[in-house]
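Visitor: I'm new to this structure and would like a close look at a single part of it. Could you pick up from my question and walk me through slowly?

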Amino acid sequence: MRQLSALDAQFLNFETATNVANIGGLAVLETDLSKESILLRLSERMAGVPQLRQRLVHVPLGLDHPYWADDGEVDLEYHVRELALPAPGDNAQLGEQVARLHERLLDRSRPLWEMYLIHGLAGGRCGIYTKLHHAAVDGLTGAEVLAALMDPGPGAVACEPEPPPELWHMLARSAWHLAANPAHLLRFAGEVLPVLDQLPGVSRLPGAGPLSRLLQRGPSPELPDFAAPYTPLSGPVSSHRRYAFADLPLYEIKRVKNAFGVTVNDVVMTLAASALRRWLMAHGALPDVPLVAGVPFSLRGRTGANDGNQVTIMITQLATQVADARRRLELVSEAMRQIKERFALAPAGWLRELSESLPAALNGVADRAVFELVGRTAPPINVIISNIPGPQFPLRIAGVELLAHYPVSVITDVSGALNITAFSYNGRLDVGIIACRERVPDVWAFPGYLREALEELKPAS
């Protein structure tokens with residue numbers, strides 16, 4: 001029996017009508033596919049993908065975190081749906097449709113995923129939009145779930161079905177977890193107190209900096225003041241979304257990387273920073289201090305755990321106040337170097353460990369209360385920017401070539417009204433931009449801003 005970690009459960013706890021914890025992707029295929037071919041492929045592959053088969057089983061009275069259990073016969077006709085765009089089937093129409101699908105909550109009585117086959121795209125193409133709940137997958141696992149559709153079939157061994165846990169077992173395990181919480185909290189405090197000044201949000205608490213410096217056993221990197229300035233992206237988000245997407249040539253990004261001696265990720269972060277600067281200037285709202293970004297880091301291979309969300313988040317400055325693009329790249333690269341140093345020093349699973357330190361019965365109330373308070377008063381970041389590496393060769397679904405895969409991620413009151421997530425695939429950087437419909441009505445300005453930002457960084461031929 002597999003139980004959700006406290007971090008997994010947090011994605012359930014903070015979810016409201018406006019803070020929706022769906023993540024997913026928009027796959028664009030060269031030619032049209034039938035729903036029947038998708039259903040056949042899924043029925044063949046589901047045995048090896050537990051995230052597509054399992055539903056939540058809740059512990060009575062919320063005394064502990066829920067469990068995952070197999071749903072028996074999954075109703076694929078419910079989970080897989082199809083629709084068609086009206087002519088001309090352009091990118092703006094596709095983005096609008098994905099936004100409307102992404103903002104809807106998933107049915108928690110079923111496995112937490114839905115898939116939409118979208119016909120009518122310009123040029124005879126079709127789309128597959130897939131969404132899953134963040135409690136079930138992180139960014140990398142979500143890509144693995146999509147891989148279940150790919151040709152050839154994955155070589156993974158079918159997973160054994162997980163039956164629902166028995167009531168006595170859930171209650172006994174709840175009692176054990178409750179008894180272990182004080183020791184867990186003490187151990188976590190011993191690991192984290194020396195690095196409080198390096199953790200997003202926590203570093204802003206009064207006394208966090210002096211306390212961590214007092215307890216540090218050796219030298220640690222100097223840290224800037226990570227105060228997120230107020231922008232139109234700050235504050236509570238609405239229940240409605242806008243979505244845009246763009247693709248950039250990966251070879252051009254690598255040319256910039258090589259010319260300036262930085263990493264691909266540094267260039268991606270700088271492109272996002274430059275696009276944000278342009279958008280804020282267009283709205284007369286550019287702060288004279290840098291924006292603060294949350295940057296997710298995968299923990300796979302760094303911690304002992306292998307299931308659930310294996311991710312943490314660190315913060316960095318984006319140098320959006322700097323007018324010169326190349327100087328902005330230098331500053332972003334330096335900031336990313338510092339974030340990697342802090343990441344190496346901080347406990348690998350601090351976010352997961354912090355979540356585990358509270359009794360599960362209190363987590364739901366505490367998560368929602370803290371989320372609402374922080375979102376309305378002092379959001380720790382302005383935006384989330386993520387870069388996920390993908391395969392550099394063409395993939396196919398039921399014999400049809402995958403042209404692009406654009407991520408579709410999460411925005412919240414705490415993380416800001418905009419999320420920029422990139423996925424590298426087959427010589428391209430596919431970028432998905434999800435935003436609050438009220439705060440960023442002109443989300444389709446961002447693809448142009450990203451292309452302009454790359455153009456101004458390109459080295460002379």
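Visitor: At roughly what angle do the axes of helix H10 and helix H14 cross?

Guide: Keep in mind that we're looking at a predicted model. Helix H10 covers residues 264-282 and helix H14 covers residues 445-457; their axes cross at roughly 120° and come within 8 Å.

Now for the residues that touch. On the H10 side, the contact is made by Thr270, Leu271, Ala272, Ser274, Ala275, Leu276, Arg278, Trp279 and Ala282. H14 brings Phe446, Tyr449, Leu450, Glu452, Ala453, Leu454, Glu456 and Leu457 to the contact. Sorted by class, the contact between H10 and H14 comes to 12 nonpolar, 2 polar and 3 charged residues.

Strand E15 spans residues 418-425, and it is mostly covered, with 8 of its 8 residues buried. Leu418, Ile420, Ala422 and Ser424 point one way from E15, while Asn419, Thr421, Phe423 and Tyr425 point the other way; all of these are buried.

Another partner is strand E16, residues 428-436: here the two strands run antiparallel, and 8 bridges join them. In this pairing, Ser424 stands opposite Leu429 of E16. E15 and E16 form a hairpin with 2 residues between them. Asn426 sits in that turn and has a positive phi of about 50°.

For one more stop, go back towards the start of the numbering. There you'll find an open sheet of 3 strands in the order E1-E4-E3, with antiparallel pairing. Strand E1 (2-3) and strand E3 (54-57) are its edge strands, each pairing on one side only. E1 pairs with strand E4, residues 67-70, in the antiparallel sense over 2 bridges, and Arg2 stands opposite Trp68 in E4.

Terms used
Residues numbered from 1 in each chain as written. Predicted model: local features only at pLDDT ≥ 70, side-chain atom pairs only at ≥ 80, totals over all residues. Heavy atoms only, no water. Axes fitted to C-alpha atoms, helices over the stretch in contact; angles between N-to-C directions. Helix = DSSP H or I, 4+ residues; strand = E, 2+ residues; numbered from the N terminus. Contact = heavy atoms within 4.5 Å. Nonpolar A, V, L, I, M, F, W, Y, C, P; charged D, E, K, R; others polar. Pairing = 2+ DSSP bridges. Buried < 20%, exposed > 50% of the residue type's maximum accessible area, 1.4 Å probe, protein only.
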